[in-house]
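Student: I'm new to this structure. Could you take me on a close look at a single part of it, and tell me how that part sits in the chain?

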Amino acid sequence: MDGRAAGYRPARTLSVGTEIRRQLTRRRTQLVFAFLVALPVILFLAFRFGTDGNDGSAQNETDAFVTVAKSGAANFTVFTLFVSASFLLVVIVALFCGDTVASEASSGSLRYLLAAPVPRRRLLGVKYAVGLLSSAAALVVLTGVTLAVGAAAFGWHPLVTMTGDTIEPGPALGRIAGVVGYLAIVLLVPAALAFLLSVCTDNALGAVGGAVLLVIVSSILDQVTALGGLRAVLPTHYQDAFTGLLTDPVRWDQMARGALSALIYAGGFTALAWWRFLRKDVTS
């Protein structure tokens, strides 16, 4: 006998389905997904009723990017993902993963979960998995709704690449799927960082804000050219490498480095989170 109560099974203590249902019933989650659905509509209205801002000067690169965004659903989707990737999606991912353990601790329910008893490894695994699933769902919802709004508003036309080439709508969907896949990998960094901070603090807002702040600092340092090659080790250095999919032919080199960098950082932060929580004295 190992001291367990009859019928006790650790794998049955906290199911992924139960945690997903809890996540979906939270007002915060509902507001996040409502905003992601509304964002493409807001952008369309801005394009539709906004002015071109043409003051007679030469059109800059940003103006050209906006103009291309209105040329079809594929370009509209790429534009939306581009402007969302560096901050909005980082905040959402940090919110889902940084609120995992810290929210339970701040409400005083964490020690009761562990006394249920839910094994610490299972609690971490389930909550982290649901946080990552919620983040992935947010990325997919934003992409899907943007494609639908773009198709209805601007039609389904070829994707215009950054080199001025065009890609037919069918293959363009593959390029967009590649962008989404790369963003999912890169966003593992703020996800894992927020998760690490979540097990180190009882303040969910601190975990979310800390992860976002560190990503912002990394992005600022990446703009300091005096750092030279040291910028390549920053976790945000390759965050825009998905633009390699928007050229013809595709440039894979920067994306490969970015994916490897993101996996190393995410793996390190996740391992530290596990190590810290398994040794933490939980009192809240």
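**A close look at one threonine**

Tutor: Let's begin with the record: UniProt, in an unreviewed entry, places the feature "transmembrane region" at residues 31-50, 76-97, 130-156, 176-197, 204-221 and 259-278. Positions there follow the numbering used here, feature names are shortened, and annotations may be inferred rather than shown by experiment. The model itself is predicted, so local features need pLDDT of at least 70 and side-chain atom pairs count only at pLDDT 80 or more, while totals for chains, interfaces and linings use all residues. Residues are numbered from 1 along each chain as its sequence is written, and side-chain values use heavy atoms, with hydrogens and water left out.

Take residues 176-197: that piece is 95% helix and 0% strand, with its end C-alpha atoms 32 Å apart. Helices here are DSSP runs of H or I, at least four residues, and strands are runs of E, at least two, numbered from the N terminus.

Now for the part I'd zoom in on, threonine 270. You'll find threonine 270 in helix α12, which covers residues 253-278. Threonine 270 counts as buried because its relative accessibility is 17%; buried means under 20% relative accessible area, exposed over 50%, and partly exposed in between, using a 1.4 Å probe and protein chains only.

What does threonine 270 touch? Leaving aside neighbours within four places in sequence, threonine 270 is in contact with Tyr128 and Ala192, where contact means heavy atoms within 4.5 Å.
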